[in-house]
Amino acid sequence: MISRIVVAIDGSEAAQRAVDFSVELAKKFDAKIDIVNVIQYPTITYYDSDQSFYDSLVQRMTNTASAKLDEAAAVVKDAEIAVDTHVLQGDARFVLADQVPEQLSPDLIVMEKPVLILSCVYSWVQRLDMFQSMLKPVYC
């Protein structure tokens, strides 16, 4: 039984299709949806002691991710489905394959990019012994 669905978004049209697909699944299984947006903050070398440029860049990236999450969450709430949102940091391949399963314990992860799916599946196969049930990526 599917009771918790994680959908990874990046603000693209394909990500919106993943949200829509997740809503349909959640309706069928009476599941909760967690929407995640993974930010890979840039590594910047700077020579002055003022870190304000980097801080403002990180803040803008976080605000943009939060806005995308709010838009996606509105779609889920309109369908009267329980939803939580999460801004996560790191390489999306590893965050979705490692951090999300450990922290959120989803039954299903839905994402829109086939390359991410292949990377995540490879990582999941290497770690199957860590999970009680096999996670199943779904391409939208």
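Predicted model: local features only at pLDDT ≥ 70, side-chain atom pairs only at ≥ 80, totals over all residues.
Aspartate 20 is partly exposed, its relative accessible area being 36%; here buried means under 20%, exposed over 50% and partly exposed in between, with a 1.4 Å probe and protein chains only. This residue belongs to helix 1, where helices are DSSP runs of H or I with at least four residues, strands are runs of E with at least two, and both are numbered from the N terminus. Residues are numbered from 1 along each chain as its sequence is written, and side-chain values use heavy atoms, with hydrogens and water left out.

From aspartate 20, one can look across to valine 76: the two lie 56 residues apart along the chain, and their C-alpha atoms are separated by 8.1 Å.

That brings us to the helix pair. Two packed helices are described by the angle between their axes and the distance between the axes. Helix 1, residues 13-29, packs with helix 2, residues 52-78, at an angle of about 25 degrees, and their axes are 10 Å apart. The axes are lines fitted to C-alpha atoms over the stretch in contact, and angles run from 0 to 180 degrees between N-to-C directions. Helix 1 is therefore roughly parallel to helix 2, a term for angles under 35 degrees. Which residues make the contact? Helix 1 contributes Gln16, Val19, Asp20 and Val23, and helix 2 contributes Ala72, Val75 and Val76, contact meaning heavy atoms within 4.5 Å. By class, these residues divide into five nonpolar, one polar and one charged.

Let me turn to the chain as a whole. There are four helices and five strands, following the pattern β-α-β-α-β-α-β-α-β along the sequence. Of the 140 residues, 40% count as buried. Among contacts between residues at least 6 apart in sequence, 71% join residues at least 24 apart.

Finally, two loop residues deserve mention. Most residues other than glycine have a negative phi. Glutamate 80, in the loop between helix 2 and strand 3 (83-89), has a positive phi near 60 degrees. Is glutamate 80 buried or exposed? Its relative accessibility is 76%, so glutamate 80 counts as exposed. Serine 105, in the loop between helix 3 (92-104) and strand 4 (108-111), likewise has a positive phi, near 50 degrees.

Methods: Parallel < 35°, antiparallel > 145°, perpendicular 65-115°, else oblique. Nonpolar A, V, L, I, M, F, W, Y, C, P; charged D, E, K, R; others polar.
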